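Me: I'd like to learn how to read this fold. Please take me through it feature by feature.

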Amino acid sequence: MDGIKSVKHLSLEDMDKVNGGLVVEGNNGRYYAVDDKGCVIVSASQKEVAAYGAKMNGLTQGMISESEYEKQFGRKLDETWNPYS
């Protein structure tokens, strides 16, 4: 029961760690839903579309900037980078 109660009180930052992923506001005016590895799952010209794509892929919808992405993942944002291939 305590485990369930504590889940209800997670901050957005904690949820990002649990569910993985974020929405990145790119320097080029585009928005990207990325998974917990930083792989671009959805690329869109509108923030709402990227947030919806994140939601549909089970990712959190917290927003970070491209520079924050680079700090968090240790590399530049690259739509073509795919660790799964």
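Reply: Gly58 follows H3 and has a positive phi, near 75 degrees. Helices (H or I, at least four residues) and strands (E, at least two) are DSSP runs, numbered from the N terminus. This is a predicted model, in which local features need pLDDT of at least 70, side-chain atom pairs count only at pLDDT 80 or more, and totals for chains, interfaces and linings use all residues. Residues are numbered from 1 along each chain as its sequence is written, and side-chain values use heavy atoms, with hydrogens and water left out.

Me: Where is Asn57 found?

Reply: Asn57 sits in the loop between helix H3 (47-56) and strand S4 (63-65).

Me: How exposed is Asn57, and which residues is it in contact with, leaving aside neighbours within four places in sequence?

Reply: First the cut-offs. Buried means under 20% relative accessible area, exposed over 50%, partly exposed in between (1.4 Å probe, protein chains only). Asn57 is partly exposed, because its relative accessible area is 44%. Contact means heavy atoms within 4.5 Å. Leaving aside neighbours within four places in sequence, Asn57 is in contact with Ile41 and Val42. Asn57 and Val42 are 15 residues apart in sequence, and their C-alpha atoms are 9.2 Å apart.

Me: Which residues of H3 are buried, and why do they count as one side?

Reply: Look at directions around the helix axis. The arc is that of the directions from the axis to the C-beta atoms. In H3, the buried residues are Ala50, Ala51, Gly53 and Ala54. They span an arc of only 160 degrees around the axis, so they lie on the same side of H3. The face turned away from that side carries the exposed Glu48, Tyr52, Lys55 and Met56. The buried residues of H3 pack against S1, S2 and S3.

Me: What is the order of the strands in the sheet?

Reply: The general idea comes first. Strands of a sheet pair through backbone hydrogen bonds, either parallel or antiparallel. Two strands pair if DSSP finds at least two bridges between them. Here, four strands form an open sheet in the order S3-S2-S1-S4, with mixed pairing. Strand S3 (40-44) and S4 are the edge strands, each pairing on one side only. S1 and S4 pair in the parallel sense over three bridges. One detail to find on screen: Val24 has Ile64 in S4 as its bridge partner.

Me: How does H4 lie relative to the strands?

Reply: Compare axes. They are lines fitted to C-alpha atoms, for helices over the stretch in contact, and angles run from 0 to 180 degrees between N-to-C directions. H4 lies across S1, S2 and S4, and runs at about 90 degrees to S4.

Me: Which residues make up the largest nonpolar core?

Reply: A nonpolar core is a set of buried Ala, Val, Leu, Ile, Met, Phe, Trp, Tyr and Cys residues joined through side-chain atoms within 4.5 Å. The largest has nine residues: Leu22, Val24, Tyr32, Val34, Val40, Ile64, Tyr69, Phe73 and Leu77. Strand S1 (22-25), strand S2 (31-34) and helix H4 (66-73) each supply at least two residues of this core. Another core, of eight residues, lies apart from it and includes Val23, Tyr31, Ala44 and Ala54.

Me: What pattern does the chain follow along the sequence?

Reply: The pattern reads α-α-β-β-β-α-β-α. That comes to four helices and four strands. Of the 85 residues in the chain, 34% are buried.
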